[in-house]
Each structure stands twice: as structure tokens, then as C-alpha cells.
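I opened my notebook to look at one protein structure. I wanted to go through it topic by topic and write down what I found.

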Amino acid sequence: MMEYIKKVRACIRWLLEREDINLAEIKRINGQLEATHKQHSEIVADLENNIEETKSVYEELQKQCASLQEALKIVEAEKMDALSSLRDEREARMGVESLRNGLLEDLNRVKLEEKRLTDQIKMLQDTNKRLQEYNTSLQQYNSNLQADATKNAETIAKLQKEKNTMVETMNGLKDHANSVKMQLDIAKSLQNEAAKQKTDLLKEVESLRMELQHVREERDTKSAQVDSLLAEIGTYKEKTGKTAIQLDSAMAKTSALEETCSSQRKMIETLEIKLAAANEKLKRSDMTASETMTEYENMKKMLESALSRLEEAEQTILDGEKLRKKLHNTILELKGNIRVFCRVRPLLPNESGAVSYPKSGENLGRGIELLHNAQGYSFTFDKVFDHSASQEHVFIEISQLVQSALDGYKVCIFAYGQTGSGKTYTMMGNPEFEDQKGMIPRSLEQIFQASQALNSQGWRYKMQASMLEIYNETIRDLLVTNRMAAQDGGPTKYSIKHDANGNTIVSDLTVVDVTTINEVSSLLRRAAQSRSVGRTQMNEESSRSHCVFTLRIFGVNEGTDQQVQGVLNLIDLAGSERLNKSGATGDRLKETLAINKSLSCLSDVIFSIAKKEEHVPFRNSKLTYLLQPCLGGDSKTLMFVNLAPEVSSAAESLCSLRFAARVNSCEIGIPRRQTQTRSSQ
Ligand SMILES: Nc1ncnc2c1ncn2[C@@H]1O[C@H](COP(=O)(O)OP(=O)(O)OP(=O)(O)O)[C@@H](O)[C@H]1O
């Protein structure tokens with residue numbers, strides 16, 4: 001309880017203390033309240049002042065507001081104006097925007113187009129670059145091939161030389177072998193003789209031996225007789241004492257027998273000496289025979305090795321020839337264009353020339369310059385032959401091309417140029433004189449020689465020749481014997497067709513199997529006589545027709561069963577002169593028109609092939625339709641452009657050169673070989 005009271009007292013004390021504190025606090029708060037009241041009244045006074053001020057400001061503001069509203073009205077009106085003008089502007093802007101959008105679309109389109117074009121240009125540039133690179137690589141390849149070809153030609157020449165020396169050595173060896181053989185024959189006959197002698201001697205020795213034996217036996221019987229006689233003598237002496245006469249005779253008999261014995265012994269000795277000599281001789285002849293035999297064997301071996309080397313060399317030459325052929329064809333294939341050779345005929349007396357040639361530089365042998373109306377024109381071709389070039393020289397340049405007809409290519413060589421420029425001279429020449437023979441007889445000679453040479457490699461060739469001319473768009477058979485031999489009595493109408501293999505067939509045309517060059521020569525003579533020759537003012541013997549010689553070549557290799565089918569077309573075109581220059585009238589005018597038409601058809605065809613046009617107008621003239629397979633891209637085509645060098649022909653020459661230059665730039669495609677195996681037929 002006490003404790004409790006103590007606590008209550010403490011509580012009361014604490015409450016009293018708290019009351020004091022609270023009183024002091026109330027006092028403080030009252031003081032604060034008073035201060036706050038004071039402050040409040042000050043604030044109220046301030047606020048009242050402020051309200052007054054605000055009121056005046058408000059009035060001021062109301063005034064301002066009224067003026068602003070007025071201004072606002074004005075502004076609103078202005079705004080309306082502005083809005084309407086804004087609308088107009090918007091419309092205008094929309095118009096402009098749609099225009100802009102259109103323009104943007106256009107721009108985008110243009111940009112896309114530009115991008116496409118840039119891509120295309122890039123692609124073209126790339127292609128161009130690639131083509132250039134390809135071209136460079138082709139050129140490189142080409143020059144490599146040419147270098148290889150030259151190297152091969154050198155190797156072939158070297159091998160040929162080696163072959164020649166080997167052939168010479170072989171001939172020497174053969175001679176040597178023959179002389180050795182003769183020696184051997186002599187030695188053999190000597191040996192035979194010696195053998196015979198030996199047998200004779202052996203026989204003699206045998207008979208001598210037998211004789212000796214016989215003599216010995218005789219001697220032995222005689223000796224036995226002597227002994228028996230001596231015994232008998234003894235017995236006589238002893239027993240009966242026969243007479244001395246009997247004894248003497250017996251003695252004489254005995255000594256005679258002894259003499260015979262000694263002479264026979266001598267004979268035996270001489271026979272033995274003879275036998276030894278014969279044996280010696282036999283031995284010697286045996287030795288000579290074996291020596292000759294070894295020498296013969298050595299010679300035989302040498303001859304065999306020389307023959308096998310010769311065979312190897314021949315094989316290498318054949319391989320080299322094959323490689324050269326392949327390289328040559330590859331080069332021509334890579335070129336892929338019509339090749340053009342230009343040939344200028346010599347000036348006739350009293351003519352002055354308008355043609356010159358580069359004396360040096362890269363166009364040497366390929367360039368030609370023509371002076372016309374005081375202006376110079378330069379051209380370059382695959383080859384240019386000046387007036388001094390011989391027929392042989394020109395032929396060397398085309399011989400590889402001719403050769404490829406044997407390898408199964410279609411080859412077409414034609415001569416183009418004005419009348420009197422040397423086309424016929426180039427193509428046919430004068431076959432009666434060796435140095436004046438033209439490309440046609442030379443080509444045929446080469447074909448026949450080469451086909452014979454290829455015989456050893458198993459190739460068998462069959463050839464068919466035909467020859468026609470196209471005169472005023474009409475075909476004439478130049479090999480037919482009776483020209484008017486048609487059923488109805490009129491001239492034969494020839495029609496041209498092409499078979500599936502790309503071969504041209506001219507109905508009713510005479511096709512002659514030829515096996516020798518002489519047959520072809522007589523055919524050419526026959527054709528030359530039939531050829532239509534007209535007269536113009538320019539050339540007394542101007543040929544007014546296109547003359548087409550065709551040789552079909554069928555080859556089969558009996559070893560490999562490979563078959564080839566080549567065609568060689570050699571064409572002497574009619575003169576290309578213009579109408580005003582030829583001065584032709586009447587029939588001649590008709591001829592000239594027909595010639596010009598077919599020549600222009602020829603150029604149309606060549607240019608259309610070069611442009612890779614879908615439609616090539618082959619059918620526009622007989623000439624182009626006839627040559628379609630040979631111009632259609634898979635053949636090897638060469639054009640001679642013949643020029644007359646005189647000043648008066650400069651205009652015509654310029655036309656011919658321009659045409660030839662265009663032809664030279666044409667790519668007609670890659671020549672293809674027509675080849676198959678017999679079993680694949
Ligand atoms: N390279 C040459 N060397 C020597 N004489 C030539 C040469 N070229 C042509 N001739 C001669 O020029 C003349 C005319 O030549 P050619 O008859 O070959 O001309 P062409 O062009 O065939 O004429 P055409 O169109 O009338 O047939 C001939 O007498 C010929 O012998």
C-alpha cells in the first residue's frame with residue numbers, strides 16, 4: 001500500500017509538473033496567437049489593399065480585354081481571310097504536292113531506270129571487260145597457238161631433216177648391209193666349199209685310214225707271214241735243212257715286204273700331215289664364218305634400230321602434222337570471220353598506178369593505200385598481195401584452208417572485183433603453164449596429193465566434181481555434154497535444194513566421180529570452153545557469169561571407221577563494175593543488172609549473218625541460195641578482192657575495197673567439221 005501510495009504521490013508530482021509545463025505552454029501559445037492575430041489583421045489590411053489594386057487592375061484589364069476583343073474581332077476577320085487564303089494555299093499546296101508526288105514518282109521511276117541503266121552499264125562494262133579479257137586471252141591463246149604452230153612447223157622441219165638424214169643413213173646402212181650380205185654369201189660359199197673340202201678330206205682321210213688299216217693289216221699278215229717263214233726257215237734249218245735258194249728267196253720276199261711297209265708308213269705320214277693342214281684350214285674357215293656371222297648380226301641389229309628410229313620419226317612427223325592441222329583449224333575457228341585476201345594485178349603498159357603499200361610497220365603485207373581524187377584511203381586485210389605475188393605464193397596462203405576440206409570442213413573461196421581485175425587469173429589462171437596455174441587447179445592437185453598421202457593412215461577418199469555458172473539468174477551446167485538434152489527439147493531447168501545434212505543438191509546437174517587429177521583437168525578444160533563469155537567495153541573477154549566449181553569429198557578411215565564429208569567451193573564471180581562504167585546497153589545491161597543484183601544479194605546475206613539477223617535473205621538470188629550451207633556460219637570462207645591498180649579504175653577499186661573491208665569485219669560464226677563414225681550412221 002505504501003508502495004502504491006508512493007507511486008500515486010510520484011504520479012501526482014508528475015501531473016503537477018505537467019500542469020505547470022502546460023500552463024507555460026498555453027501562455028506561450030496565447031502570446032503566439034496574439035502575434036498571429038496581429039499578423040492576420042496586417043495581412044487582411046494588405047489583402048484589402050491588394051483587392052483594391054486588383055480591382056483597379058481588373059478594370060484596367062477589362063478595358064484592355066474590350067480593346068483586345070475588338071482587336072480579336074479584327075484578327076478573327078483577318079484569320080478568316082487568312083484561313084480562306086490558307087485553304088486556297090492548301091489546295092494549291094495539295095496540287096503542288098500531287099504534282100510533286102507525281103514528280104517524285106517520276107523521279108523514283110527515273111531513279112529506278114537510272115539504277116537499272118547503271119546496273120546495265122555496269123553489267124555491260126563487266127561484260128565488256130570480260131570480253132576484253134576473253135579477247136586478250138583469245139589473242140594470247142591465238143598467238144600461243146601460232147607460236148606453237150610455228151614451233152611445230154620447225155619441229156616438223158627438223159624431224160623431216162632428221163628423217164632425211166636417217167633415210168640417208170639407212171640407205172648407207174642398207175648398202176653396207178648388202179655388201180656385208182654379199183661378203184657373208186661369199187663367206188658362206190667359202191664355208192660351204194671348205195665344208196665340202198673338209199668332207200672330201202674327211203672322206204680321203206677315212207679312205208686313207210682304211211687304206212692304212214688295210215696296209216697295216218697287210219703288213220701284219222706279211223709280218224706274220226715273215227715270222228711264219230722265219231719260223232719255217234728255222235724249222236727247215238733245224239729239221240730238214242732245206243736248200244739255201246729257198247732261204248734266199250724267202251729273205252728277198254721278206255725285205256720286199258718290209259720296203260712296202262716303210263713306203264706305206266711314209267704315205268700314212270704324208271696323209272696325216274695333209275689331214276692336219278685340212279683340219280687347220282677348216283678351223284680357219286669356221287672362224288671367218290663365225291666372225292662374218294657376228295658382223296652380219298651386228299649390222300642386222302643396227303639396221304633394225306635405224307628402222308625403228310625411222311618409224312618413230314615418221315610417227316612423230318605424223319603426230320606433228322596432226323597437231324599442226326588441229327592448231328591451224330583452232331586458229332581459224334577462233335577467228336570465226338570471213339577472211340579477206342586482197343590481190344592487185346600488175347599494171348598494163350601505159351597505165352599509171354593508184355595503189356601503194358606500207359613499207360614497214362604492223363600493216364606490212366596486210367595494208368593497202370589507194371589514191372582517188374587526190375585523197376588517200378587506207379585498208380587492211382588478212383593478207384595483201386601486190387602485183388609481184390606469184391600464183392604459187394598466193395596458193396601457199398590458202399593451201400591450209402583447202403586442206404581442211406579433206407578434214408571435213410565446208411570451204412568456200414570466191415574472187416570478187418571489177419571486170420579485168422584478175423579474178424579468173426587468180427581462180428583458174430592458165431592451167432597449161434605450171435607457174436600460171438590458178439587456185440582451182442592447184443587446190444585440186446593438193447587435194448589429190450594429200451588424199452594419197454593419207455592413204456597410209458587408212459584414209460580412203462571418194463570425190464565428186466560439178467561445175468555450173470549462173471548467168472542472168474539462170475543456172476547452166478558446165479559439165480553437161482549435150483546442153484539442150486531436156487525431155488521437152490528446151491533447156492533444162494535446174495532447181496536448188498538443201499538436204500538435212502546441209503548439202504546442196506542441184507537437180508539434174510552433172511556430177512562426175514573423179515579419181516585422178518588428170519580427170520579433173522580435162523573437166524576444167526571442158527567447163528572453160530562452155531563458160532559464157534560476153535564482151536563489154538572494159539574487157540574483151542569479160543566473163544559475165546558467176547562460175548561455181550564444187551568438189552565434194554567423202555573420206556572414211558578404215559582403221560578407225562571415222563567418216564568425213566568436206567566440200568570445196570571455188571567461185572569466180574562475175575565482174576562487179578557499176579553500170580555507168582561498163583557502158584552496157586541491151587542484153588549487156590540486163591546482164592550487168594543481174595550481176596549487180598546477185599552481188600548485192602551476196603553482200604546482204606553476209607551482212608545479215610554478221611548482224612545475226614533472224615532472217616537471212618539467202619533466197620534472194622541463185623548464187624546466195626546455192627552457197628547457203630557454205631555461208632551459213634559453219635564453213636570456212638575466204639574472199640579474194642581483186643583490184644586493177646590503174647588510176648582510171650580507182651573509183652571501182654575504192655568500192656571493192658570498202659565492200660571487202662565490211663566483209664572482213666563480219667563474224668559469220670565458228671566453222672564446224674562434218675565428221676562421224678561408220679557405226680553411228
Ligand atoms: N596477177 C596477175 N599477173 C599477171 N597477169 C594478170 C594478173 N591478174 C590478171 N592478169 C591479167 O589481167 C587480165 C584480166 O584478168 P582476168 O581475166 O583474170 O580478170 P577478171 O577479173 O577475171 O575479169 P572478168 O570479170 O571479165 O572475168 C588477163 O589478161 C590476166 O592474164
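**Salt bridges.** I looked up the salt bridges and got 11 in the structure. The model is a predicted one, so I kept its confidence scores for a later entry.

I began with Glu97. Its side chain meets that of Arg93 in a salt bridge, at 3.7 Å from N to O. I checked where the two sit. Both Glu97 and Arg93 lie in helix H1, 4 residues apart, which is about one turn of the helix. Glu97 has a relative accessible area of 31% and is therefore partly exposed.

Next I took Glu351 and Arg345. Their side chains form a salt bridge at 3.9 Å, N to O. Is Arg345 buried or exposed? Arg345 has a relative accessible area of 16%, so it counts as buried, the cut-off being under 20%. Glu351 is at 26%, so it counts as partly exposed. I also found that Arg345, Glu351 and Glu646 are linked in a network of salt bridges.

My last pair was Glu613 and Lys611. The closest N and O atoms of this salt bridge are 3.7 Å apart. Glu613 is partly exposed at 37% relative accessibility. Lys611 is at 58% and counts as exposed.

**Nonpolar patch.** Which residues form a nonpolar patch on the surface? I listed Met1, Met2, Tyr4, Ile5, Val8, Ile12 and Leu16. Together they have about 750 Å² of accessible area. I picked out Val8, which is found in helix H1, residues 2–240. Val8 has 33% relative accessibility, so it counts as partly exposed.

I turned to the UniProt record. An unreviewed entry there carries the annotation "binding site" for Gly417, Gln418, Thr419, Gly420, Ser421, Gly422, Lys423 and Thr424.

I looked at Gly417 in the model. Gly417 is in strand S6, residues 410–417. Its relative accessible area is 0%, so Gly417 is buried. What does Gly417 touch, not counting residues up to four places away in sequence? I noted Lys423, Ala574, Gly575, Ser576, Asn642 and Ser656.

Then came Gln418. Its place is in the loop between S6 and helix H4 (423–427). At 2% relative accessibility, Gln418 counts as buried.

**Confidence.** I checked the scores at the end. The protein chain averages a pLDDT of 80, and 85% of the residues score at least 70. Over residues 532–542, pLDDT stays under 50. For that stretch the model has 28 contacts beyond four places in sequence. I also wrote down the predictor's values for the complex: an ipTM of 0.96 and a pTM of 0.54.

Note on methods. Residues numbered from 1 in each chain as written. Heavy atoms only, no water. Patch = residues over 30% accessible without salt bridge, like charges linked within 9 Å, V, L, I, M, F, W, Y side chains within 5 Å. Areas by Shrake-Rupley, 256 points an atom, 1.4 Å probe, with all protein chains shown as cover. Salt bridge = Lys/Arg side-chain N within 4 Å of Asp/Glu carboxyl O. Helix = DSSP H or I, 4+ residues; strand = E, 2+ residues; numbered from the N terminus. Buried < 20%, exposed > 50% of the residue type's maximum accessible area, 1.4 Å probe, protein only. UniProt positions renumbered as here; feature names shortened; annotations may be inferred. Contact = heavy atoms within 4.5 Å. pLDDT = per-residue confidence, 0-100.
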